[in-house]
Amino acid sequence: MPDTSILDVTYVPGQCGLLSNEELNITENYTATQLVTLIAQRQLTAEQVTRAYLKRAGIAHQLTNCATEFLGNEAIDRAKYLDEEFRRCGQVVGPLHGLPISVKDLIAMKGRRTSAGWMKWLDRFAEDDAFILKILYNAGAIFYVRTTQPQSLMHVECSSPIYGTTVNPFNRNLSSGGSSGGEGANLAMKGACLGIGTDIGGSIRSPANSNGVYGFKPTAFRLPLQGIIAEQAGRESIIPVIGPLARAREDIILFVKTILDTEPWLKDPSLIPIPWQSITLNSTNLTVAVMWDDNVIHPHPPVTRALHETVEHLKKAGIRIINWEPIDHQKSWDIISALYYCNGAEEELNVMKDGNETPLPLTEWILNQPQVKKRDWIEMNQLISEREGYRTRYAQVWNEREAYCQCMIDCLLTPAAPSVAALHGTSKWWGYTSVWNLLDYPAVIFPVTTVDLVKDQVEVDYKPRNALDEENYRLYSSPATYINSPVGLQLVSRRYNDEKLMKCLEIIEQAMNRN
């Protein structure tokens, strides 16, 4: 094991001698989409791929503390079965035949512990698999590792009294993000090619941003949540979503399309019956609106640089760029933080009390937001009306800006957070991601660059707007603190424009000279 003074441990799997050349090749050189193709072409077997990822995930866990449970025997048995079925029948069982997928611990697996981040629930076991796992399993997927999440699930970091802290493999002084932080760290270590997370305020996108991978938050009710077990089950004030984290853009589409092609709305009536659709769009008719700052918490220099560099690429490709003025994003936080805990966090506080569990500082921070209080029925309806009013206002302003510009605004390009991967215990402002949960807009994170010790100097003349902005500003005392950290950005589109959003990302990455 490398000394604790070694911050970047992403090199270890390739140099530790525990992985064969074949295993390194499988885990480093192919996307999930390519792997399922190679398996279908008989160039690789499911067992080869599964063993490689099991071993690499084990190494990743030792270096980052990203896993809660390994499913080694079951995964190998499943891989052998799939290989035998392929030999016997001459065809794959489905579009994900033989593909290992990692799974956030929250997502229920029959007979396995599902604590939802609470000590009290450590003895709670799922009675059935989550619906999404059944779909993926029938498509040929292999589940081989479950990954960490924070206390309460309501951190954009990943620390809990149960499993400890998951660290960022590029700089172990920094957070892996959260709440799907184990997924992010495992993907960054190439211990997975595709993983499943959940998101109610940034929990897919924060780890993707922190670890230099892709993370997709779909519009609510497109992918099935059925079978997910957490506190406040049945809450409809803010609907969480489930979605993929991946090392390649194409693998997000593979994941989502595989699920939607099964018409899951026929079994889960909460879902909107929209198949995955093909979108026609190119750089000559694309307009991207850039939100440089949410006017609440100012982004750190690496984030601003990533925006500027990306915009320059887009302009050179002929993509129309306009500026996007945020629409009262402090108000969005006031509303959504209240909607998270319409019961005044009574259930969460009782769970901790019954489990003799001490709240971590970031748990205390979110539970004690000024708008969190126990509401009666009338107050709850008023809050829902505020939510709908904010959504209406945002849509109206978007329409007005399109009319003023005389063009359709296809997507917004925004920071993913005010910081790159954060110092442990400091991620307090979710506003760059949570606003899109409030609006129920699809959003995707994509990697852009890494912290540059020369270019990303402190903005010495910046004057903070408020106390939290000043706290965030002081965290960036030197780019050296964040050395090696990936820098991602976020794309956002209108509600149910998930396919358009992914097409916009494709065009933008092509403009950045990526395939």
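Biologist: Leaving aside its neighbours within four places in sequence, which residues is aspartate 251 in contact with?

Modeller: Please note that this is a predicted model, in which local features need pLDDT of at least 70 and side-chain atom pairs count only at pLDDT 80 or more, while totals for chains, interfaces and linings use all residues. Residues are numbered from 1 along each chain as its sequence is written, and side-chain values use heavy atoms, with hydrogens and water left out. Aspartate 251 is found in helix α9, residues 249-260 (helices are DSSP runs of H or I, at least four residues, and strands are runs of E, at least two, numbered from the N terminus). With contact defined as heavy atoms within 4.5 Å, the partners of aspartate 251 are Thr31, Ala32, Thr33, Cys193, Leu194 and Ala246.

Biologist: Which side chain of opposite charge is nearest to aspartate 251, and how far away is it?

Modeller: Aspartate 251 is buried, a term that means under 20% relative accessible area, with exposed being over 50% and partly exposed in between (1.4 Å probe, protein chains only). Lys and Arg count as positive and Asp and Glu as negative, while His and the chain ends are not counted. A salt bridge needs a side-chain nitrogen of Lys or Arg within 4 Å of a carboxyl oxygen of Asp or Glu. Aspartate 251 has no such bridge, and the nearest side chain of opposite charge is arginine 247, at 7.1 Å.

Biologist: Which backbone atom does the side chain of aspartate 251 reach?

Modeller: Alanine 32 is among the residues that aspartate 251 contacts. The side chain of aspartate 251 comes to 2.8 Å from an atom of that residue, its backbone nitrogen.

Biologist: Which elements are included in the cover over the buried residues of α6?

Modeller: Helix α6 spans residues 131-138, and its buried residues are Phe131, Ile132, Leu133, Ile135 and Leu136. Their cover includes β2 (100-104), β3 (142-147), β8 (194-199), β10 (241-246) and α9.

Biologist: Is proline 264 buried or exposed, and which residues does it touch beyond four places in sequence?

Modeller: Proline 264 is placed in the loop between α9 and β11 (287-290). Its relative accessibility is 1%, so proline 264 counts as buried. Although 132 residues separate proline 264 from isoleucine 132 in sequence, their C-alpha atoms are 8.8 Å apart. Beyond four places in sequence, proline 264 touches Phe131, Ile135, Ile259 and Leu271.

Biologist: At what angle do the axes of α2 and α4 cross?

Modeller: Axes are lines fitted to C-alpha atoms, for helices over the stretch in contact, and angles run from 0 to 180 degrees between N-to-C directions. Helix α2 (residues 21-29) and helix α4 (residues 46-64) have axes that come within 9 Å and cross at roughly 85°.

Biologist: Where do arginine 495 and aspartate 440 lie, and how many residues apart are the parts they tie together?

Modeller: The side chains of these two residues, arginine 495 and aspartate 440, form a salt bridge of 2.8 Å, N to O. Arginine 495 is in the loop between β15 (486-492) and α17 (498-511), and aspartate 440 is in the loop between α15 (431-439) and β14 (443-450), so the pair ties together parts whose separation in sequence is 55 residues.

Biologist: How many salt bridges does the structure hold?

Modeller: One of them joins glutamate 388 to arginine 391, with the closest N and O atoms 3.1 Å apart. Glu69, Glu74, Asp105, Arg112 and Arg146 are linked in a network of salt bridges. The number of salt bridges in the structure is 33.

Note on methods:
A polar contact is a pair of N or O atoms within 3.5 Å; within protein, one must be able to donate a hydrogen and the other to accept it, and residues adjacent in sequence count only if both atoms are side-chain atoms.
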